[in-house]
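Reader: Could you walk me through this one? I have the sequence and the coordinates open.

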Amino acid sequence: MKPCGTYAGYQTHKRRNEEACADCKRANSEYSQQYRGSKPRAEHFRLYPTDEELRLSQQRRLARSSARNRALRRLGREYPDRLAELVAEEAAKDGLAINAPGKVPTRG
Ligand SMILES: [Zn+2]
């Protein structure tokens with residue numbers, strides 16, 4: 001077994017399902033503090049994003065969505081017939097009849 005009073009010793013206790021001795025607990029606690037560095041516990045183990053992180057991620061999401069919308073509008077301008085076909089197909093799936101492209105609505 002690894003010597004008591006070390007982090008490895010603490011791990012050995014845990015592997016054996018023993019309660020760690022005082023020396024090992026202290027070694028583990030020092031090791032954890034070192035691992036966290038100078039950051040306070042709350043910041044190191046933060047579960048939720050900061051307001052700034054939220055703001056940035058929302059900004060990225062909006063930019064992506066805005067770029068996608070502009071691209072879709074351009075696609076519609078460059079391929080209006082195909083877009084009309086697709087709209088008609090999708091509408092038909094919902095049971096809506098939309099005039100196919102090129103067909104002039106007729107009165108019966
Ligand atoms: Zn120990």
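Author: Let me start with helix α5 (residues 80–93), which has 14 residues and reaches 20 Å from its first C-alpha to its last, close to the 20 Å expected at 1.5 Å a residue. That expected span is 1.5 Å times one less than the number of residues, and helices here are DSSP runs (H or I, at least four residues), numbered from the N terminus. This is a predicted model, in which local features need pLDDT of at least 70, side-chain atom pairs count only at pLDDT 80 or more, and totals for chains, interfaces and linings use all residues. Residues are numbered from 1 along each chain as its sequence is written.

Reader: Is α5 covered or in the open?

Author: The number of buried residues in α5 is zero, so the helix lies largely in the open. A residue is called buried if 20 or more other C-beta atoms lie within 10 Å of its own, exposed if 12 or fewer, and partly exposed in between, with C-beta atoms placed from the backbone. Just after α5, Gly95 takes a positive phi of about 80°.

Reader: And what about α4, how far apart are its ends?

Author: The end C-alpha atoms of α4 (residues 51–78) are 40 Å apart, which agrees with the 40 Å that its 28 residues should span at 1.5 Å a residue. Helix α4 is hardly covered, since its count of buried residues is zero. For the protein chain, buried residues make up 4% of the 108 residues.

Reader: Which elements does the chain have, and how confident is the prediction?

Author: The protein chain has five helices and zero strands. Its average pLDDT, the predictor's confidence in each residue from 0 to 100, is 83, and 81% of the residues score at least 70. Confidence is lowest in helix α3 (residues 41–44), at a mean of 61, and highest in helix α1 (residues 7–15), at 94.

Reader: How do α1 and α2 pack?

Author: They pack at an angle of about 115°, with their axes 8 Å apart; axes are lines fitted to C-alpha atoms, for helices over the stretch in contact, and angles run from 0 to 180 degrees between N-to-C directions. Tyr7, Gly9, Tyr10 and His13 in α1 meet Cys24, Lys25, Ala27, Asn28 and Tyr31 in α2, where contact requires C-beta atoms, placed from the backbone, within 7 Å.

Reader: What does the loop between them hold?

Author: Asn17 lies in the loop between α1 and α2 (22–36), and has a positive phi of about 60° although it is not a glycine. Asn17 is exposed, with 6 other C-beta atoms within 10 Å.

Key:
Helix = DSSP H or I, 4+ residues; strand = E, 2+ residues; numbered from the N terminus. Contact = placed C-beta atoms within 7 Å.
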